[in-house]
Amino acid sequence: MASAIHDLAARCLAEWRADDPEFATRVVDRLLAAAQEFGASDVHLQPSAAGLELRMRIDGVLQPAGALPGKVAAHVVARLKVLAELLTYRTDLPQEGRIRDPAGEVEMRVSTFPTLYGERGVIRFFAGPRRFQHLDDLGLPDDVLQSLRRLLGETSGAILATGPAGSGKTTTVYACLRELVGIREGARSLVSLEDPIEVPVPGVAQSQVNAKVGLDLATGLRFLMRQDPEVIMVGEIRDPATAEAAFQASLTGHLLLSTFHAGSAAEAVSRLSDMGIEPYLLRSGLLAIVSQRLVRRLCLCARLSDDREARLGLPVDRVSLPVGCGECSGTGYQGRLPLVEMLTAQRTELGRAILSRCDTVALERLAIRSGMVTRWQRACHAVGQGLTSPAEVRRVLGFSEGLDRP
């Protein structure tokens, strides 16, 4: 498969002439089909002085797929814009749209952006209707899964999924929504406010923000409060106004679900505090923060190694290293698994530390003392079990943070 990805553009050029009027249509169809076949989460069309470079993000890593001549670049991007119902004659401004799949098997969002050499296009593929629907599908650790299920039964409070872009936050929140729909079978009023709506969820009244009419997240959330909701999902907390409205909702008899960008669970508390959220709101309104990262899972072709240097500083006795075979396209990895930590702000020493505005390090130390298993501990366990490699852990979690953290 690796060579099939890398040779994609070359095979298109070998099969069809670039001056063929149908070339752009055929290339886009082949590109979308190949991305689904390879399980790509994103496809990048990057214009450059040499042409239109194609890349696919597979299991979180960008893979080159070759390049098309510069003379067809605008036509290929224009074809994408037609499918996404965007304005083809406007190449000077960013646009976003959705490619509607008649079969409903896959959701695709298209984003275009003007650059020096032409429009850059990115296609985001969302999980199909049968993938990652429920909490059981996400591969969460048992302790986190059981705690999260218990908290979804609460009638008020906020549950936040945090992490960097591409860490599966939105997938987790959608799985929580489907869990609530399945458990309550329509007996609970569920609403969402998103920017944009990424996946339709039956049983949830989903709304999308519209900046043109002044409907932003904070304003929409205040109006939603008058719609008699019991569970509110906010697509993402991005600014102080949205954060304050969300936490006020969590204290007035609403279960609130949302995503938030933060490097760790403890850092999320500090960042919310820095955004101006009062400590009493955080302590009283926050049920849990689920911080997650995704690492690639080793293929069955991995080999055991006692090489000390291969551990890359991780406290494990032996490691499994990627080899590469036909099943994994020579990468040594197949699929991904989550590294999850879950912080609960109960009325404990941690809750008092939040009220005192303690820094991230102090909050993390107290959370660990209260029983939180960190993402680093999950990573070391996964490496020790041969599920992933030290290099993959370092790729995702980095080298700047040491394992000697509290």
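**Briefing: sheet, cores and backbone features of a predicted model**

Six bridges join strand 7 (residues 157-162) to strand 11, and the two strands run parallel. The model is a predicted one. The largest nonpolar core has 39 residues, and another core, of 34 residues, lies apart from it.

- Strand 8 (residues 190-194) is joined by four bridges to strand 10 (residues 231-234), in the parallel sense; here Val191 has Ile232 as its bridge partner.
- Four bridges also join strand 8 to strand 9 (residues 205-208), again running parallel, and Ser192 is partnered there by Gln206.
- Strand 8 is mostly covered, with five of its five residues buried.
- Both faces of strand 8 are covered: Leu190, Ser192 and Glu194 are buried on one side, and Val191 and Leu193 are buried on the other.

**Helices against the sheet**

- Helix 12 (residues 360-369) has Ala362, Leu363, Glu364, Leu366 and Ala367 buried.
- The cover over these buried residues of helix 12 includes helix 9, strand 15, helix 11 (349-355) and helix 13.
- Just after helix 12, Gly371 adopts a positive phi of about 115°.

- Phe260 is found in strand 11 (residues 255-260).
- Phe260 counts as buried because its relative accessibility is 1%, below the 20% limit for a buried residue.
- Beyond its neighbours within four places in sequence, Phe260 is in contact with Ala161, Thr162, Gly163, Lys169, Ile237, Ala268, Arg271, Leu272 and Met275.
- Between Phe260 and Arg375 there are 115 residues of sequence separation and a C-alpha to C-alpha distance of 17 Å.
- In the core of 39 residues, those with the most contacts inside it are Phe247, Val269 and Leu272.
- With neighbours within four places in sequence left aside, Leu272 touches Leu160, Ala243, Phe247, Phe260, Ile277 and Leu282.
- The separate core of 34 residues includes Ile58, Val72, Ile123 and Phe125.

- Helix 3 (residues 23-38) and helix 4 (residues 70-83) pack at about 65°, with their axes 9 Å apart, and the crossing is right-handed.
- Phe23, Ala24, Thr25, Val28 and Leu32 of helix 3 make the contact with Val72, His75, Val76, Arg79, Leu80 and Leu83 of helix 4.
- By type, the residues of this contact are eight nonpolar, two polar and one charged.
- Strand 2 (residues 51-58) and strand 3 (residues 61-69) pair in the antiparallel sense over seven bridges, and Glu53 has Ala67 of strand 3 as its bridge partner.
- These two strands form a hairpin with two residues between them, and Asp59 in the turn has a positive phi of about 55°.

**Backbone features in loops**

- The peptide bond from Asp195 to Pro196 is cis, with omega near 0°; Pro196 is found in the loop between strand 8 and strand 9.
- Leu312, although not a glycine, has a positive phi of about 55°, and Leu312 lies in the loop between strand 13 (303-305) and strand 14 (319-321).
- Leu312 counts as partly exposed because its relative accessibility is 30%, a value between the limits of 20% and 50%.
- Ser329 likewise has a positive phi, of about 60°, although it is not a glycine, and is found in the loop between strand 14 and strand 15.
- Ser329 is buried, at a relative accessible area of 11%.

Conventions:
Residues numbered from 1 in each chain as written. Predicted model: local features only at pLDDT ≥ 70, side-chain atom pairs only at ≥ 80, totals over all residues. Heavy atoms only, no water. Buried < 20%, exposed > 50% of the residue type's maximum accessible area, 1.4 Å probe, protein only. Pairing = 2+ DSSP bridges. Contact = heavy atoms within 4.5 Å. Axes fitted to C-alpha atoms, helices over the stretch in contact; angles between N-to-C directions. Left-handed = near helix turned anticlockwise from the far one by under 90°. Nonpolar A, V, L, I, M, F, W, Y, C, P; charged D, E, K, R; others polar. Core = buried A, V, L, I, M, F, W, Y, C linked by side-chain atoms within 4.5 Å.
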